[in-house]
Amino acid sequence: HANGNYIHWSSQRVITQVEGLGTPELPFDDVFTITGGTRGSVKRGERVSLWESVIIEPLRKRFNCRWISKGIVRTTRTHASSSSPWVAILNYGNGECDNKATLTINGTTKIITLH
(Lines give C-alpha, C1' and ligand atoms only; values in the text may rest on other atoms or scores of the structure.)
Protein backbone atom coordinates (compact mmCIF):
# COMPACT_ATOMS: atom_id res chain seq x y z
CA HIS A 1 0.00 0.00 0.00
CA ALA A 2 0.97 3.58 -0.41
CA ASN A 3 1.08 3.97 3.40
CA GLY A 4 3.84 1.35 3.67
CA ASN A 5 1.71 -1.44 5.17
CA TYR A 6 2.23 -4.92 3.75
CA ILE A 7 1.62 -8.63 4.17
CA HIS A 8 4.26 -11.09 2.96
CA TRP A 9 4.19 -14.88 3.24
CA SER A 10 5.58 -18.05 1.75
CA SER A 11 4.27 -21.57 2.10
CA GLN A 12 5.34 -25.13 1.41
CA ARG A 13 3.01 -28.11 1.70
CA VAL A 14 3.42 -31.72 0.68
CA ILE A 15 0.24 -33.73 0.15
CA THR A 16 0.72 -37.50 0.13
CA GLN A 17 -1.91 -40.13 -0.59
CA VAL A 18 -1.45 -42.80 2.10
CA GLU A 19 -4.55 -45.01 1.62
CA GLY A 20 -6.84 -45.95 -1.27
CA LEU A 21 -4.11 -46.28 -3.87
CA GLY A 22 -5.37 -49.67 -5.03
CA THR A 23 -8.85 -48.41 -5.93
CA PRO A 24 -8.36 -45.48 -8.35
CA GLU A 25 -11.99 -45.58 -9.52
CA LEU A 26 -13.30 -45.43 -5.91
CA PRO A 27 -12.02 -42.25 -4.22
CA PHE A 28 -14.12 -42.76 -1.07
CA ASP A 29 -11.39 -44.78 0.67
CA ASP A 30 -8.61 -42.28 -0.15
CA VAL A 31 -6.69 -40.75 2.76
CA PHE A 32 -4.14 -37.95 2.44
CA THR A 33 -1.55 -36.49 4.80
CA ILE A 34 -0.33 -32.91 4.65
CA THR A 35 3.03 -31.69 5.95
CA GLY A 36 4.91 -28.43 5.66
CA GLY A 37 4.62 -24.90 6.93
CA THR A 38 4.13 -21.22 6.27
CA ARG A 39 5.93 -18.08 7.37
CA GLY A 40 5.43 -14.41 6.85
CA SER A 41 5.41 -10.86 8.10
CA VAL A 42 2.83 -8.11 8.45
CA LYS A 43 3.49 -4.37 8.77
CA ARG A 44 0.69 -2.12 9.96
CA GLY A 45 1.73 1.37 10.91
CA GLU A 46 4.88 1.18 13.00
CA ARG A 47 4.25 -2.40 14.12
CA VAL A 48 5.85 -5.38 12.35
CA SER A 49 4.78 -8.92 13.26
CA LEU A 50 6.62 -12.03 12.13
CA TRP A 51 4.93 -15.42 12.20
CA GLU A 52 5.62 -19.03 11.39
CA SER A 53 3.19 -21.93 11.17
CA VAL A 54 4.52 -25.51 11.13
CA ILE A 55 2.62 -28.78 10.86
CA ILE A 56 4.21 -30.68 13.75
CA GLU A 57 2.03 -33.79 13.35
CA PRO A 58 0.90 -34.54 9.78
CA LEU A 59 -2.64 -33.43 9.02
CA ARG A 60 -4.87 -36.34 8.01
CA LYS A 61 -7.72 -35.79 5.54
CA ARG A 62 -10.07 -38.54 4.37
CA PHE A 63 -11.83 -38.05 1.03
CA ASN A 64 -15.19 -38.98 2.54
CA CYS A 65 -14.89 -36.49 5.43
CA ARG A 66 -15.25 -32.72 5.08
CA TRP A 67 -12.87 -32.04 7.98
CA ILE A 68 -9.22 -32.64 8.71
CA SER A 69 -9.55 -35.37 11.32
CA LYS A 70 -6.07 -35.53 12.84
CA GLY A 71 -2.87 -33.53 13.08
CA ILE A 72 -1.32 -30.60 14.91
CA VAL A 73 -0.26 -27.15 13.67
CA ARG A 74 1.91 -24.79 15.76
CA THR A 75 1.83 -21.08 14.94
CA THR A 76 4.30 -18.69 16.55
CA ARG A 77 4.11 -14.92 16.27
CA THR A 78 6.65 -12.43 17.51
CA HIS A 79 6.66 -8.68 17.22
CA ALA A 80 9.87 -7.32 15.80
CA SER A 81 9.45 -4.27 18.04
CA SER A 82 9.04 -6.25 21.30
CA SER A 83 9.89 -9.54 22.94
CA SER A 84 6.30 -10.79 23.41
CA PRO A 85 5.97 -14.14 21.63
CA TRP A 86 2.56 -15.66 20.97
CA VAL A 87 2.18 -19.41 20.44
CA ALA A 88 -0.94 -21.23 19.25
CA ILE A 89 -1.40 -24.99 18.88
CA LEU A 90 -4.29 -26.24 16.73
CA ASN A 91 -5.03 -29.92 17.35
CA TYR A 92 -7.52 -31.55 14.98
CA GLY A 93 -8.10 -34.54 17.25
CA ASN A 94 -7.69 -38.31 17.20
CA GLY A 95 -9.03 -39.19 13.74
CA GLU A 96 -12.78 -38.79 14.26
CA CYS A 97 -14.65 -37.15 11.36
CA ASP A 98 -16.04 -34.10 13.15
CA ASN A 99 -15.80 -30.32 13.04
CA LYS A 100 -14.18 -30.01 16.48
CA ALA A 101 -10.60 -29.11 17.30
CA THR A 102 -8.73 -27.71 20.28
CA LEU A 103 -6.92 -24.40 20.11
CA THR A 104 -4.32 -23.61 22.75
CA ILE A 105 -3.00 -20.04 22.83
CA ASN A 106 -0.19 -19.30 25.27
CA GLY A 107 -1.30 -22.19 27.50
CA THR A 108 -5.09 -21.55 27.46
CA THR A 109 -7.08 -24.26 25.65
CA LYS A 110 -10.55 -24.01 24.09
CA ILE A 111 -12.59 -26.41 21.99
CA ILE A 112 -13.47 -24.74 18.68
CA THR A 113 -15.89 -25.51 15.86
CA LEU A 114 -14.41 -25.63 12.36
CA HIS A 115 -16.34 -24.01 9.50
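This report covers strand pairing, the nonpolar core, side-chain pairs and selected distances in a predicted model.

## Basis

The model is predicted, so local features need pLDDT of at least 70 and side-chain atom pairs count only at pLDDT 80 or more, while totals for chains, interfaces and linings use all residues. Residues are numbered from 1 along each chain as its sequence is written, and side-chain values use heavy atoms, with hydrogens and water left out.

Strands are DSSP runs of E with at least two residues, numbered from the N terminus.

## Strands 5 and 6

Strand 5 spans residues 86-94 and strand 6 spans residues 100-105. They pair in the antiparallel sense, over four bridges. Pairing requires at least two bridges found by DSSP between the two strands. Alanine 88 has isoleucine 105 of strand 6 as its bridge partner.

The two strands form a hairpin with five residues between them. Glycine 95 in this hairpin takes a positive phi near 115 degrees.

## Nonpolar core

A nonpolar core is a set of buried Ala, Val, Leu, Ile, Met, Phe, Trp, Tyr and Cys residues joined through side-chain atoms within 4.5 Å. Buried means under 20% relative accessible area, exposed means over 50%, and partly exposed lies in between (1.4 Å probe, protein chains only). The largest nonpolar core has 11 residues. Its members are Ile34, Ile55, Leu59, Cys65, Trp67, Ile68, Val73, Leu90, Tyr92, Ala101 and Leu114. Strand 3 (47-62), strand 4 (68-79) and strand 5 each give two or more residues to this core.

Tryptophan 67 is one of the core residues. Contact means heavy atoms within 4.5 Å. With neighbours within four places in sequence left aside, tryptophan 67 is in contact with Lys61, Cys97, Asp98, Asn99, Leu114 and His115. Among these, Leu114 also belongs to the core.

## Aromatic rings

A pair of aromatic rings is described by the distance of the centres and the angle of the planes. Rings of Phe, Tyr and Trp (its six-membered ring) pair if their centres lie within 6.5 Å; planes under 30 degrees apart count as stacked, over 60 as edge-to-face and the rest as tilted. The count by this rule is one aromatic pair. The rings of phenylalanine 28 and phenylalanine 63 have centres 5.7 Å apart and planes at 70 degrees, so the pair is edge-to-face. Phenylalanine 28 lies in the loop between strand 1 (6-19) and strand 2 (31-44), and phenylalanine 63 in the loop between strand 3 and strand 4. The pair links distant parts of the chain, 35 residues apart. Phenylalanine 28 is exposed at 56% relative accessible area. Phenylalanine 63 is partly exposed at 43%.

A charge sits over a ring if NZ of Lys or CZ of Arg is within 6 Å of the ring centre and within 35 degrees of the ring normal. Arginine 77 lies over the face of tryptophan 86, at 4.9 Å from the ring centre. Arginine 77 is in strand 4. Its relative accessible area is 30%, so arginine 77 is partly exposed.

## Salt bridges

A salt bridge is a side-chain nitrogen of Lys or Arg within 4 Å of a carboxyl oxygen of Asp or Glu. By this rule there are two salt bridges. One joins glutamate 19 to arginine 60, with the closest N and O atoms 2.6 Å apart. Glutamate 19 is in strand 1 and arginine 60 in strand 3, so the pair ties together parts 41 residues apart in sequence. Both are partly exposed: glutamate 19 at 36%, arginine 60 at 25%.

Arginine 39 and glutamate 52 also meet in a salt bridge, at 2.5 Å from N to O. Arginine 39 lies in strand 2 and glutamate 52 in strand 3, 13 residues apart. Arginine 39 is partly exposed at 49%, as is glutamate 52 at 32%.

## Asparagine 106 and distances

Asparagine 106 is in the loop between strand 6 and strand 7 (108-113). Its phi is near 50 degrees, a positive value in a residue other than glycine. Leaving aside neighbours within four places in sequence, asparagine 106 is in contact with Pro85, Trp86 and Val87.

Glycine 4 and lysine 100 are 38 Å apart, C-alpha to C-alpha. Glycine 4 lies in the segment before strand 1.
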